[in-house]
Amino acid sequence: MVVDYAQQLERKCQEEPDLAPIVPAIRILLSCLRDSDFGSIQELQTSLNNVSESLMTSSCATIGVESACELFKRYITLTRLDVDLNQLKPALVSRGESFLRKISSDRHKVAKLAAHFILNGHRILVHSRSRVVRDALLEAAKRSNFTVYITESAPDQSGAQMAKELSTVAGIECHVLKDAAVGYFMERIDLVLLGAEGIVESGGIINRIGTFQIAVCARQLNKPVYVLAESVKCIRFFPLSQRDLKSLPNAEKDGHPCVDYTSPDFIRLLITDLGTLTPSAVSDELIKLYL
Amino acid sequence: MSKEKADKSAPVVNGMKPEDAEKARLKAERKAAFEAKRAAEQAADKDGAGKENKKELTKAERRAIQEAQRAKKAQEKKGPADSKDVKAEEKPAAKSGSTSDSPSKPEESPLGKKKDMPTKKVSFADMKFAANPFVNMHKRRDNIGNLFRSVDRRKKDDGGGEKRPSVHPAILQLGFQIADGAVSGANDRCVYMLEALKKLAQDFGSTESPELHDARELSQEFFSKMDFNVAFLKECRPLSVSMTNALRHIKLSMSEDESMKNASQLASTIIDNIDGFLQNEITLARRAIVEIAKSKIHDGDVVLTYARSSVVLDILTTCHDEGKRFSVVVVDSRPALKGRETLKTLCQKGIHCKYVFIHSVSYIMKEVTKVLLSADTLLANGYVASRVGSSQISMIAHKMNVPVLVCCETYKFSDKVLADCFAGNELGSQREFLQNLSEKRKQLLCTTLSSTVSLVDLTYDITPPDFVTMVVTERGTLPCTSVPVVLRVRQNII
């Protein structure tokens, strides 16, 4: 049972590499909702909790998957529940479907919003590979010419992949940097665009390892740091230090950390599908979502 | 000698009550004694003083003499019968100690005031309203005498035949406990106040006539009674935000419900409301905070805490009971030394503790991994109002990259905004300042205290949100800046 959902998620991620693991995870949850025969809401919630827990054991699960599952469970039950169970199930399923539609279109919304920040002649620093940052750059490339500096992002060299995607699709001028060369290039950068695996309650982000040092460097040289992320990645989690991340799924690999936490002090704006937010507004949105 | 002067210097004007006159006489007596002492001291010091000092000392001396002469003249002019009265201008100064919400006078910035100090050599007590931020502040314990008098006055007024509200015994008792400092802490004061109000409601239900009333009239009657009692509490010590929020909650929840027919029904509804508030907003909230905060403490942590806070104690003991291995640094400060109570409780539990005074915080902070504080209130601009000293601890922790966690129930959130710690603050009395000192040191301090020195013992300070990493509330963890959102959500729920 446990292996089942996790493997399913991994398979789906491989089939559609262009999708963030969030969307297939929600699809799996939704299909479980359709298939399950629950006698009470309580029962449904337990079964959905089990599914999301097993999804988290998958190797491609990120903190975003966890937050999306939480939000899915919350969103579908934010409806009138005092109808009888026969009518309830279709109501829940239709809410689930609308949630899926919403998160599938979120990335495009963010990309459109962020494209306005990119102007002609800009030199932009990007860390590793991020689907939403890539979409934003492709969107902006329709109107303006700019140069992108991409960190190589060891150990999996995903930065090189990002550069390939950008230059082949839209012919954007790309430079791949060694991770250690960020400080060297920072002085000539106009803005820093970052993706995020998760947005936490403080307004900070959890992202691929190396993000924190880029943000610190950018702050010191007064370069604006913009984070691009879908609101579904907001999670009720408040790390106090980097060590707190150990509890997250896939936070470590072979004894090396895979993600780090960037505190809100280093972030100028977060561009989300809810709009462009300051870091302090993130927790306001979270309170609205969960209280 | 001082006694003689005091009698002569009683200030005089017609048409005041004898109680006020008594107050004024006492005040004048104190002032005269003070002046005389100062003059004498300065005369004694004169020989040893330098050139510059000499000039100022003689100035002060001259002033004391002038003052005495003026008082003498006034005495002769008006005669002994009038001496029982009070100067109108003096009244606000005499009263300022006991009233909390008197409109705040324009204040000079503390910086400017400090600059003036060494050249003018006047004490805080001598300063005029405009220059002195401490004049309007509530002075703890100094007002107990006044309280007795005000209770007496109320009793006398009761004899007038017409029915007047009187302070309920439970409130009376609590008022003196609060004034004396036996009941302190934002949480405790609120809980005890609510318990006393329950008694008030109970008695209201049993004494009022059981006949049918208009529901609105009835609740109005009760609330006017409640307000009268709360006004007495306010006289004892300004109400904390927790108390005002609780009172507002009770009033709001009552105004919706208008189905009550008689007094006992009203009383039981009120008691139910209060019980609900105590249970949901205080007891359960506390439990939720402990539950959330304990997940933030891990094995090997060194937690720093300041003075005494019941919620922090709860968190630490719960963590210890669950087998987490951590140590605690208890920071304490004079004069209250509340940290000793914390230390006692933690040591009894067998938690490894270190005890330091606040001046060594920067030294100890190197080995601390988390700072755990509680708050009296959270302000709408994200500032944290807490026991004086919390601000500097947070600042040092921030500087050294130690996360600062502030525990606060959401019922203590305030929609007020403060920018400095003078507004709404309280002063400790000299007696309090000298407590916990050996007799020898006390005497030493008293004798060396010249009249130009006044003891300033502020009660609260405010911490800017930059220094606070996280606020732990029963609704989860938030950054300080989210206070307005929580307030908005709370209002929607109510």
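## Two domains in chain A

In this predicted model, the centres of domain 1 of chain A and domain 2 of chain A, taken over C-alpha atoms, are separated by 27 Å. The assignment places domain 1 of chain A at residues 5–105 and domain 2 at residues 110–290. Where the two meet, 23 residues of domain 1 of chain A and 18 residues of domain 2 of chain A take part in the contact.

How much area do domain 1 of chain A and domain 2 of chain A bury between them? The figure is about 1600 Å², and 58% of it lies on carbon and sulfur atoms.

## What joins the domains of chain A

Two salt bridges are found across the interface of domain 1 of chain A and domain 2 of chain A. Elsewhere in the listing of chain A, a salt bridge joins the side chains of A:Asp273 and A:Lys102, with 3.9 Å from N to O. The interface between domain 1 of chain A and domain 2 of chain A also has nine residue pairs in polar contact, both residues being at pLDDT 80 or more.

Now look at the helices on the domain 1 side. Both α4 (63–76) and α5 (85–115) of chain A supply at least two residues each to the side of domain 1 that touches domain 2 of chain A. Of the elements there, α4(A) gives the most, with eight residues. Sorted by class, this side of domain 1 of chain A has 13 nonpolar, five polar and five charged residues.

## Chain B at a glance

Let us move on to chain B. Its 494 residues include 46% that count as buried, and its secondary structure comprises 18 helices and twelve strands. Among the contacts in chain B with a separation of 6 or more, 80% are between residues 24 or more positions apart.

Three domains are assigned in chain B: domain 1 covers 139–285, domain 2 covers 299–421 + 462–493, and domain 3 covers 423–457. Notice that domain 2 of chain B is written as two segments, 299–421 and 462–493.

## Domains 2 and 3 of chain B

Domain 2 of chain B and domain 3 of chain B have C-alpha centres 27 Å apart. Their contact involves eight residues of domain 2 of chain B and nine residues of domain 3 of chain B. Together they bury about 640 Å², with carbon and sulfur atoms giving 40% of that area.

Between domain 2 of chain B and domain 3 of chain B the count of salt bridges is zero, while three residue pairs are in polar contact, both residues at pLDDT 80 or more. The side of domain 2 of chain B that touches domain 3 of chain B is made up of five nonpolar, no polar and three charged residues.

Is B:Gly205 buried or exposed? It counts as buried because its relative accessibility is 12%, under the 20% cut-off.

Beyond its neighbours within four places in sequence, B:Gly205 is in contact with B:Ala263, B:Ser264 and B:Ala267. From B:Gly205 to B:Asn136 the distance is 38 Å, C-alpha to C-alpha, and the two are 69 residues apart in sequence.

## Where the chains meet

Finally, turn to the place where chain B touches chain A. Here 17 residues from chain B and eleven residues from chain A are in contact. The area buried between the chains is about 1300 Å², and carbon and sulfur atoms give 65% of it.

The interface of chain B and chain A has zero salt bridges and five residue pairs in polar contact, both residues at pLDDT 80 or more. On the chain B side, β12 (476–478) and α18 (483–493) each supply at least two residues. The residues of chain B that touch chain A divide into eight nonpolar, six polar and three charged.

Definitions and conventions. Residues numbered from 1 in each chain as written. Chains lettered and ligands numbered in written order. Predicted model: local features only at pLDDT ≥ 70, side-chain atom pairs only at ≥ 80, totals over all residues. Heavy atoms only, no water. Domains from an automatic or database assignment. Contact = heavy atoms within 4.5 Å. Buried area = accessible area lost by both parts, 1.4 Å probe. Salt bridge = Lys/Arg side-chain N within 4 Å of Asp/Glu carboxyl O. Polar contact = N/O pair within 3.5 Å; in protein donor to acceptor, adjacent residues only side chain to side chain. Nonpolar A, V, L, I, M, F, W, Y, C, P; charged D, E, K, R; others polar. Helix = DSSP H or I, 4+ residues; strand = E, 2+ residues; numbered from the N terminus. Buried < 20%, exposed > 50% of the residue type's maximum accessible area, 1.4 Å probe, protein only.
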